[in-house]
Amino acid sequence: MNPKFREWLLAASKALGLGAVFVVSAGVGLYLHVDFPPARRVVARNVEALLDDTFQGRFEIESIDRISSRTLRVSRVRVRDPGGTVVLEVKGLRVRADAFDILAEALSDSSERRIAFQHVRAEKADVLIRPDPASGVPTLGTAFALSPKMKGKPASKKPSTLRFWFPTIELGEGSVRGRLEGTPEAEGHVKGVRGSVLVWPV
């Protein structure tokens with residue numbers, strides 16, 4: 001497999017970590033009766049701010065349609081690279097997970113933590129691949145790279161490994177267009193994709 005394409009696939013897998021932040025917010029928001037339109041808007045804006053502070057890209061959550069301790073439905077999510085171009089747009093995102101289990105695992109002192117999302121489905125996803133002019137790395141990967149202020153945080157005395165486990169991921173329809181450095185412009189479409197993803201440092 002082309003190393004640059006493999007690198008892009010890894011970056012795309014990191015995009016699935018978006019669901020982690022959403023579901024953790026569900027656990028906190030449940031206490032505030034979050035499944036009402038005004039509260040859902042507040043949660044969406046807070047999650048956007050958290051993601052923008054954590055990564056180099058910019059995140060836009062059009063609306064959260066449903067949120068509970070076990071379910072999340074988002075109508076549309078856009079991810080922009082540091083230059084402002086939309087590199088990922090997901091429509092009809094549904095996540096099923098136990099928010100309280102996720103919170104417990106995220107706050108655990110264990111050196112081996114695994115956050116699981118039982119089921120993730122996106123009705124449609126559009127991806128734009130374009131190399132950064134300076135580094136040649138797809139800007140989708142740059143969008144999910146840690147922001148400089150996050151990199152500057154002091155390391156924990158106790159090293160830990162955090163894994164994100166997605167046993168079932170479904171995509172109704174997806175499209176990818178763009179190019180990797182040194183390759184011609186291309187476009188592809190997929191339908192009815194189903195798989196599993198494990199994201200971890202190794």
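**Figure 1. The salt bridge between Glu62 and Arg78 in the predicted model.** In this predicted model, the side chains of Glu62 and Arg78 meet in a salt bridge, with a distance of 3.7 Å from N to O. Glu62 belongs to strand S1 (residues 58-67) and Arg78 to strand S2 (residues 71-80), so the pair ties together parts of the chain that are 16 residues apart in sequence. Glu62 is partly exposed, with a relative accessible area of 44%. Arg78 is also partly exposed, its relative accessible area being 22%. Side chains of opposite charge can pair when their charged atoms come close.

**Figure 2. A network of salt bridges that includes Glu62 and Arg78.** Salt bridges link Glu60, Glu62, Arg76, Arg78, Arg80 and Glu89 in a network. For the model as a whole, the count comes to 16 salt bridges.

**Figure 3. The salt bridge between Arg70 and Asp98.** The closest N and O atoms of Arg70 and Asp98 are 3.1 Å apart, and the two residues form a salt bridge. Arg70 lies in the loop between S1 and S2, while Asp98 lies in the loop between strand S3 (86-96) and helix H4 (99-106), so this pair ties together parts that are 28 residues apart in sequence. Asp98 counts as buried, because its relative accessibility of 14% is under the limit of 20%.

**Figure 4. The salt bridge between Glu112 and Arg163.** Glu112 forms a salt bridge with Arg163, and their closest N and O atoms are 3.8 Å apart. The pair links distant parts of the chain: Glu112 is in strand S4 (residues 112-116) and Arg163 is in strand S6 (residues 161-178), 51 residues apart. Glu112 is partly exposed at 46% relative accessibility. Arg163 is likewise partly exposed, with a relative accessible area of 25%.

**Figure 5. The largest nonpolar core and the surroundings of Ile64.** The largest nonpolar core contains 37 residues, and of these Ile64 and Phe117 touch the most other members. Two or more residues of this core come from each of helix H3 (37-54), S1, S2, S3, strand S5 (119-129), helix H5 (139-143), S6 and strand S7 (186-199). Which residues does Ile64 touch, not counting residues up to four places away in sequence? They are Arg40, Val43, Ala44, Leu72, Arg73 and Val74. In soluble globular proteins, nonpolar side chains tend to be buried together.

**Figure 6. The whole chain, as context for the close-up views.** The secondary structure comes to 6 helices and 7 strands, which follow the pattern α-α-α-β-β-β-α-β-β-α-α-β-β along the sequence. The chain has 202 residues, and 40% of them are buried. Among contacts with a separation of 6 or more, 66% are between residues 24 or more positions apart. The accessible surface of the chain is about 11,400 Å², and carbon and sulfur atoms account for 57% of this surface. The mean pLDDT of the chain is 80, and 76% of the residues score at least 70. Among the elements, S5 has the highest mean pLDDT (95), whereas helix H1 (residues 3-15) has the lowest (53).

Key. Residues numbered from 1 in each chain as written. Heavy atoms only, no water. Salt bridge = Lys/Arg side-chain N within 4 Å of Asp/Glu carboxyl O. Helix = DSSP H or I, 4+ residues; strand = E, 2+ residues; numbered from the N terminus. Buried < 20%, exposed > 50% of the residue type's maximum accessible area, 1.4 Å probe, protein only. Core = buried A, V, L, I, M, F, W, Y, C linked by side-chain atoms within 4.5 Å. Contact = heavy atoms within 4.5 Å. pLDDT = per-residue confidence, 0-100. Areas by Shrake-Rupley, 256 points an atom, 1.4 Å probe, with all protein chains shown as cover.
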